[in-house]
Amino acid sequence: MKTIIFIGSNKSGSSREALKAAERLGFFTILLTDRKKFLENRLDFPEVHQMVLTELRNHNLLKEDIRAIQAQGKKIEAILSFIDPYVNVAAKLSKEFDLTAVTPEPFEKMEDKLSTRELLKDLPVSPYFAKFEKDDSLEDFIENQKGLFPLIVKTPVSTGSKDVLFAKDDKQLEQSINALFKKGNRELLIEEYLEGPQYLIEACVYKGKVHIIAVLEQEITFFDRFIVTGYCLLGDMDIALYNKIYETVCLVLERFNLNNGSCHLEMRLIGNEWKLIEINPRISGGAMNRIIETAYGINLVEETIKIFLGQEPNLEKKYKRFVYAQYLTSESTGTLIKVTGKNRCSRKDGVEEVFIKPKKGKVLHPPLSMGDRYGYVLASSENKEEAIRIAKEAAKEIRFYIEPI
């Protein structure tokens, strides 16, 4: 029985889409998860044929789980993950079980933001950065940052805007460093804060050839953290802009020596120069797979699975549309009583999908990470401005009724 094993998944978003894609491709799907609730609500995952509760951070235990699956007579074709920090874990296991054409080293470097900065430090795409360790002199370090504010303070393994803090002066830098050390971190990454339009680039590599799948403008809102609240996929774009993006992405991925796999890069355009904010060894989470599918007819998680199976992906664009995803957040903290407006929103011309994440009884709060976005409205059009307008206007129909705590 041809089987694909997934290391971790979220209940929605790209990682869940990957489970569905694997089943659609005819594979027996097995999910190794550390979320007990997933097993308690087993019927919520009809595309998962077998679910195993385990410790995802225990490498030896994962190997035992995989051997047990093999002992059941299942032929494992690939071990995959579409969530941090398990892309690298899955790639290491794939190598140990001699299953796939991917190598774990590029993914390992991408998942560690400090390793990424060190690897790219001599390239023009790299902004100013510094490492600060727990035993270093805080006073001396802060003194060395004079004239460089504002700065960003983050952990080397931060994901989804978690543990990413903004420091506009000495005092905030000290507070940010101490706050992240209190969480048990031993080293931190301090980076130059870059001002300029931010883009997300979805890319994949097959046999060393880089493919730019999609370029999206990001709308960023500052709550207590920088949260991406809107994505605009550029169905068509200026050829000179595209060529410069492609050149920059190739330069970065060549340094990682990535021959097979997928990734996304967040970059800012500063003057005429691209600067890398971060890179992650997977498709973006949330609505990204649906955004790309709506714009181009490409199911990127499905094509990524093919790459990991050693098969050539089909990345041909069936059509081109501008797509905008407007994310929904909560302005206050409290228990969700009900959500209204979804049907009205769905019926508006140009709206492709309306997704509401939380159920009744869930405690909502203003976002501290990307995981605190509570849904999205997806709209498409042949025109960029029209796609944005439709999504934003439709999103106004959605209302969260919250009982304060």
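This report describes the nonpolar cores, the cysteines and one lysine of a predicted model.

**Nonpolar cores**

The largest nonpolar core holds 95 residues, and Phe 6, Val 249 and Ile 291 have the most contacts inside it. Strand β9, spanning residues 198-206, gives the most to this core, contributing 7 residues. Another core lies apart from it and has 18 residues, including Ile 5, Ile 7, Ile 66 and Phe 97. When neighbours within four places in sequence are left aside, the residues in contact with Phe 6 include Leu 19, Ile 30, Leu 80, Phe 82 and Ile 305.

**Cysteines**

A disulfide is a covalent bond between the sulfur atoms of two cysteines. A search of the whole structure finds 0 disulfides.

A disulfide requires two cysteine sulfur atoms within 2.5 Å.

**Lys 392**

Lys 392 belongs to helix α13, which covers residues 384-395. With a relative accessibility of 28%, Lys 392 counts as partly exposed. Not counting residues up to four places away in sequence, Lys 392 touches Glu 219, Tyr 324 and Gln 326. The side chains of Lys 392 and Gln 326 make a polar contact of 2.9 Å. Lys 392 and Val 377 are 15 residues apart in sequence, and their C-alpha atoms are 8.0 Å apart in space.

How values were computed:
Residues numbered from 1 in each chain as written. Predicted model: local features only at pLDDT ≥ 70, side-chain atom pairs only at ≥ 80, totals over all residues. Heavy atoms only, no water. Core = buried A, V, L, I, M, F, W, Y, C linked by side-chain atoms within 4.5 Å. Buried < 20%, exposed > 50% of the residue type's maximum accessible area, 1.4 Å probe, protein only. Helix = DSSP H or I, 4+ residues; strand = E, 2+ residues; numbered from the N terminus. Contact = heavy atoms within 4.5 Å. Polar contact = N/O pair within 3.5 Å; in protein donor to acceptor, adjacent residues only side chain to side chain.
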